[in-house]
Amino acid sequence: MTTSLVALHQVTKTYGSGHTAVTALHPTDFALQAGEFATVIGPSGSGKTTLLTIVGSLQQPSSGQVLINGQDTTDFSERRRTDLRFNTFGFMLQASNLIPFLTVKDQLALVDRFNHHKQHEMSMTDLFTMLGITDLANAYPAALSGGERQRVSIARALYNDPPIILADEPTASLDTSRAMKVVDLLGDIAHKMNRGVVMITHDTRLLDPVDTVYEMRDGHLTTLDSAGLAKIRAAAL
Amino acid sequence: MFLASKEILHNKARYLLVVVTFVLISYLVFFLTGLATGLARNNRTAIDALPGNYVLMSKYANKNLLSSVVTEDQYDQVASKDTALLGQMTIVAENPKTNKKLNSNIFGINLQGKLKPTVTSGRLPTKNSEVLADDSVTYYGLKRGDRITLNGSNQKYHIVGLTHDRRFATVPVFYTTLATFRQVKYGQSRVHNVSAVVSTRKMTDLPKHTEQITRATLINNIPGYTAQTSTFMLMIGAMIGITLLIIGIFMYILTIQKVAMYGVMRAQGIRTSAIIAALFWQILILAVVGVGIGIGLLALTEVGLPKTIPFYSDTMLLSMIAGALIVMSLVGGLFSLRRILHIDPLEAIGGE
Ligand SMILES: Nc1ncnc2c1ncn2[C@@H]1O[C@H](COP(=O)(O)OP(=O)(O)OP(=O)(O)O)[C@@H](O)[C@H]1O
Ligand SMILES: [Mg+2]
């Protein structure tokens with residue numbers, strides 16, 4: 001068996017301490033393979049973002065082990081985490097992902113400033129063509145629509161060829177057809193480009209290209225089979 | 001540099017404020033420095049021009065040239081090929097035709113000796129009734145060819161030539177013969193006293209009741225000189241210190257506003273060092289542009305300023321102050337450093 005891109009063992013997360021402590025994540029196991037498109041659904045405040053930020057090394061778990069490419073990151077310094085994020089993850093975060101004073105083109109060019117030697121698998125032009133944002137290359141984020149911003153975020157996330165893409169509600173601000181396109185795109189990234197993709201979503205109608213569906217409830221993560229998924233879908237209707 | 005300049009260009013209005021702050025501060029500091037230097041020079045250029053670094057004065061004069069009297073017995077004792085006599089007196093010169101009066105000095109010297117001033121127009125005096133004037137007298141309505149009285153003398157003195165940058169105790173110097181100095185000071189030229197002996201070499205075997213000081217000491221003891229320069233230095237120093245605070249606080253506020261954006265960068269795996277570099281590049285760019293404009297404004301001001309205002313821009317000194325302003329503003333950037341070092345990538349998902 002090949003090593004998983006991501007493997008979480010008994011990971012927990014508690015925010016705060018004492019009386020005000022909030023357990024956002026109870027002991028959780030999670031794994032992601034290359035070429036796998038996984039989603040996490042669940043109610044607001046259930047711990048989805050918390051899980052994603054721990055996977056993406058944006059924060060450390062309270063306990064448990066996080067392995068990235070088989071390497072235990074528990075004792076990584078902040079500097080190593082930073083480099084890990086740069087090289088391993090493409091993020092699409094829940095809030096803004098773009099730097100307000102950079103044009104679309106410069107958002108990506110910034111990656112090159114810190115990564116001089118790297119040959120990109122997909123050039124900037126290719127990415128822009130694939131995402132249909134060629135005409136936006138010189139626009140600033142403030143001038144983009146929500147959907148355009150999401151596509152730029154995807155371009156930005158893909159540009160450094162990260163093996164793992166983490167997307168926190170990338171379809172939240174989009175209408176159904178645009179949301180569908182983004183989800184299809186993330187599916188292609190997993191299946192055609194052989195990346196690992198984790199997407200958080202509220203929208204259970206958009207799960208066609210998804211390989212694995214997890215449900216988060218009060219900090220507990222469970223895998224949903226097709227029956228469970230059907231039940232949730234029925235409840236949502 | 002990339003991040004720094006892109007951000008400045010995108011948020012022009014915001015950073016223009018910082019530049020304007022730099023312009024105002026640097027212009028004010030430069031202007032004060034110009035006035036301070038001009039005033040200091042008006043006190044001392046005639047002394048700076050003395051060919052020797054050692055000056056013999058009477059001990060009771062308390063290093064103040066204005067009150068020093070060196071007698072013939074005393075100066076004869078140190079006389080050598082390295083020494084020259086100097087008689088100084090504070091006087092009022094008047095052009096009786098125009099009734100124009102001017103506070104000034106006379107420096108009585110041997111006009112062919114070591115202290116002979118450089119003539120910039122006209123010629124050196126050859127008679128006791130002729131004087132050579134610092135060319136700043138022309139700013140006050142006197143000119144070459146005028147016949148003036150000294151302290152209301154009956155004798156008229158003919159300004160036969162001009163010299164440059166020879167002022168003492170903030171007023172211009174008239175160079176006269178020693179005989180004329182004695183005539184004006186003692187009413188007769190048989191008293192052979194002078195004010196000081198200037199020597200290119202350190203004098204030994206000093207006569208009784210005299211003391212030897214350097215030119216620098218002499219200058220520092222010109223009445224009012226040290227008080228003026230230290231007041232100005234304090235003001236300029238304070239302004240430079242304030243620069244640190246103003247720019248530091250300014251950049252800190254800007255940094256705080258950008259925390260979420262820095263969070264995004266941190267989440268994307270951009271190192272803190274790159275963010276810090278952007279901060280200091282920004283300060284450097286803004287400071288250089290602001291201080292540069294300040295220098296430009298100063299140059300314009302200098303052109304428009306009347307010559308009677310003591311203003312002098314010493315390139316060396318101004319570059320040092322420009323450097324100090326830039327360094328101070330970079331130091332001000334340290335205020336923001338702590339905040340940037342503590343930026344958590346999670347701040348990128350703040351503000352949900
Ligand atoms: N930085 C934090 N400090 C304290 N508590 C936090 C923090 N981040 C999240 N929490 C808490 O942890 C719990 C899980 O939050 P999380 O953001 O993971 O939920 P979520 O499933 O992503 O919700 P949503 O769908 O609304 O984005 C919530 O109760 C939240 O209040
Ligand atoms: Mg969330």
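Analyst: Helices (H or I, at least four residues) and strands (E, at least two) are DSSP runs, numbered from the N terminus. This is a predicted model, where local features need pLDDT of at least 70 and side-chain atom pairs count only at pLDDT 80 or more, while totals for chains, interfaces and linings use all residues. Residues are numbered from 1 along each chain as its sequence is written, chains are lettered from A and ligands numbered from 1 in the order in which they are written, and side-chain values use heavy atoms, with hydrogens and water left out.

User: Which helix of chain A gives the most to the shell around ligand 1?

Analyst: A residue is near a molecule if one of its heavy atoms lies within 4 Å of it. Helix 1 (residues 48-55) of chain A gives the most to the shell of ligand 1, with three residues. There are 13 residues around ligand 1, and S44(A), G45(A), K48(A), T49(A) and T50(A) come nearest.

User: How many residues of each class does the shell around ligand 1 have?

Analyst: Ala, Val, Leu, Ile, Met, Phe, Trp, Tyr, Cys and Pro count as nonpolar, Asp, Glu, Lys and Arg as charged, and the others, Gly among them, as polar. The shell has three nonpolar, eight polar and two charged residues.

User: How far is a polar side-chain atom of T49(A) from an oxygen atom of ligand 1?

Analyst: A polar contact with the ligand is a pair of N or O atoms within 3.5 Å. For T49(A) the distance to a ligand oxygen is 2.6 Å. T50(A) also has a side-chain N or O atom 2.6 Å from an oxygen of ligand 1, and for a polar side-chain atom of E169(A) the distance is 3.5 Å. On its own, ligand 1 has 630 Å² of accessible area (Shrake-Rupley method, 1.4 Å probe), and the protein covers 64% of that area.

User: How many residues of helix 1 of chain A are buried?

Analyst: Buried means under 20% relative accessible area, exposed over 50%, and partly exposed in between (1.4 Å probe, protein chains only). Eight of the eight residues of helix 1 of chain A are buried, so this helix is largely enclosed by the rest of the structure. Among them are K48(A), T49(A) and T50(A). After helix 1 of chain A comes S57(A), with a positive phi near 65°.

User: Which residues of helix 9 of chain B are buried?

Analyst: They are L318(B), I321(B), A322(B), L325(B), I326(B), S329(B) and G332(B). These residues lie on the same side of helix 9 of chain B, because they cover an arc of only 135° around the axis, taken from the directions from the helix axis to the C-beta atoms. M316(B) and M320(B), on the other side of this helix, are exposed.

User: Where does N99(B) lie?

Analyst: N99(B) is in the loop between strand 2 (83-95) and strand 3 (100-109) of chain B. Its phi is near 60°, a positive value in a residue other than glycine. N99(B) is exposed, at a relative accessible area of 56%. D165(B), in the loop between strand 7 (157-163) and strand 8 (167-168) of chain B, has a positive phi of about 55° although it is not a glycine. D165(B) is partly exposed, at 32%.

User: Is Y157(B) buried or exposed?

Analyst: Y157(B), in strand 7 of chain B, is buried, with a relative accessible area of 3%. Y157(B) and D146(B) are eleven residues apart in sequence and 8.2 Å apart in space, C-alpha to C-alpha.

Key. A polar contact is a pair of N or O atoms within 3.5 Å; within protein, one must be able to donate a hydrogen and the other to accept it, and residues adjacent in sequence count only if both atoms are side-chain atoms.
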